[in-house]
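User: Please take a close look at the part of this model where the two chains meet, and describe it with the cut-offs behind each term.

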Amino acid sequence: MALELNRVLPEVDLLSANAAERLAELSARLPSARAGLVEIGSADAALRARVQTALGMRWAGAIPTEEPVDASYPCPSAPARFDVLAADGSQIYPDRHGIALYYLINTGSIAFRHGSGQAPDCRTEPRLHYADADLYEEDGGQIPSFKIDADRDLAELGELVQLAGEQVATPTVALIDNGLLLYITLQSPNRGYADAIVEGYLAHLDALKAAGANPAGVVDRPRAASVVRLLRLAELGADQINDQALRDLGPYRHMTDGLLFADLAPGHRSALFEHGSPANQDSYKPRGHSIYLFYVRSGDTLLRVEVPAWVAQNPDRLDFVHAAIVKQGELTGGFPYVLMRAHEIAVVTHAERRLLDEALHTALIRRGLSPSISQKQQGKAWTSSAKQKYG
Amino acid sequence: MIGRLMRSATTGYVFGCNLPEPDVPRFGDFVRVPAQRGRIDVIGLVYDIVVQDDAFVRPLVAAGDLPEEYILDQRRNRQVPVEVSVLAVGYRLNEPDGDRSGYIQGLPPQPPVTLDVIAACTRDEIAAFTERLDFLRLVLEAPDAPGEELAVVALQRASAARLVNDRALFLREAGRQVARLLPRDLPRLERILRRLAL
């Protein structure tokens, strides 16, 4: 039995009506939100005091910098010759119904030399994990997927370190297709594990800084509400700040920074903000890598860009990252070309996974083993192949 | 190696390759691929080379002034999907059986298998395979391939694989064979003979 589309279609219609209604509602509130940004302008001492109070309550909003929060900056011109490095990763999660337990992380990277007339260098770095220490937790449970994701994130930044080498020769931006703050800090109940991953990540940022590269995390279609949280905070009286009030976005509920900055002019970036997230304040900032963010209109796309403090606080580096990202998106609708390519290089297709499993199957047989997938997996193979052939 | 097999049938196969080099593969080239676990090599003629649609390339195509780095990345680094269609016209027995020739002109007993390696035939292999010209029937009767054009180019390649002094004789014999195969299609026969400069 396939999906009975006719039974879902009425709800699809309701879903679209709901989305349109929500957008209309948000759009109606948008002018007052933007007016709120204008009203804040350059953050005054009172707002900064409120931000400090909120940070003490582990508030994850955007911290204003010296730039007026409603400011918009045109795209600087990019140098005639510069390098863009990019890395992305993909993974195969462990499958307990498969013929053997393993997971794979495949990192793809590209070094693109603008203005050189040379073909970019591309490479992949596959890593197969099958040792007990890789696959099992201390309590004997299987490694959770968020740890594999963190391992992949670490590998991506590590690949950029490899590409940058000891010292870059030309202005270089090093991009990843994600924010620079690791999700593991939010997901892992095991603080020690998260700390170890973050420590490795910060060491990579140290290396990129030493090499003279400019790392930046790029997020397409950003859903964060960091600046929206700042807006809300600005409306609260000093005596109204508490956990409950900080969680409640009030009139800005469901609003995102993406919506707030949707009217940025082509190529322009928003003001720069410091990331208020506890992970940033607790782990990144003490090591000199506090993460800053801005939004930029690149082609048809609004991107959120995250950079470490030593890029954010250096106007030349910040201008270069801004210009390089916009330049990289000129031919691809705004999203950097190199990130599209890094994804393409890294992704493990279904066909490739099948070939890997076939090679594994053969190797196990050579060892005198009788590999087999679970009956449940077999059933899925039978039923899905029948659909492909006859459905 | 010029590519790996994507799909096959007794009558022909399709292989994928990187962007074509100037010399291989070309329309009318003789190629071979192992089948029956290496017991035979299926000999075929390239009759179509298709650069598949690629969504990633579309925005680049629309760009006016495309920097060289993008062009080189697309051409050298990306797996541009190029599909090459081959008409099976015979096979080579890799374990010669008694007094049978090493080459058989006709459809192979089994098609090759996915990911098998396709290689261009050498001059010697082309010359040996075209000692007989029965394969022209398969070419001229091929429902999907441009048989007339393919026969002309294949015969020119086969001629070029021979010593200079032998070429004219080979083409004359080829012309006679085509005339035997097309006794009632004089316009088509005339076009082929004219292209062969006979």
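Analyst: Between chain A and chain B, seven residue pairs are in polar contact, both residues being at pLDDT 80 or more; a polar contact is a pair of N or O atoms within 3.5 Å, where within protein one atom must be able to donate a hydrogen and the other to accept it, and residues adjacent in sequence count only if both atoms are side-chain atoms. The elements of chain A that give two or more residues to the side touching chain B are β4 (103–114), α12 (315–328) and α13 (337–346), with helices (H or I, at least four residues) and strands (E, at least two) taken as DSSP runs numbered from the N terminus. By class, that side of chain A has nine nonpolar, seven polar and four charged residues, where Ala, Val, Leu, Ile, Met, Phe, Trp, Tyr, Cys and Pro count as nonpolar, Asp, Glu, Lys and Arg as charged, and the others, Gly among them, as polar.

This is a predicted model, in which local features need pLDDT of at least 70 and side-chain atom pairs count only at pLDDT 80 or more, while totals for chains, interfaces and linings use all residues. Residues are numbered from 1 along each chain as its sequence is written, chains are lettered from A and ligands numbered from 1 in the order in which they are written, and side-chain values use heavy atoms, with hydrogens and water left out.

In contact terms (heavy atoms within 4.5 Å), 20 residues of chain A meet 16 residues of chain B. The area buried between chain A and chain B (accessible area, 1.4 Å probe, lost on putting the two parts together and summed over both) is about 1,400 Å², and carbon and sulfur atoms give 62% of it. The rule also finds two salt bridges across this interface, each a side-chain nitrogen of Lys or Arg within 4 Å of a carboxyl oxygen of Asp or Glu. One salt bridge joins Arg341(A) to Asp73(B), with 2.6 Å between the closest N and O atoms.
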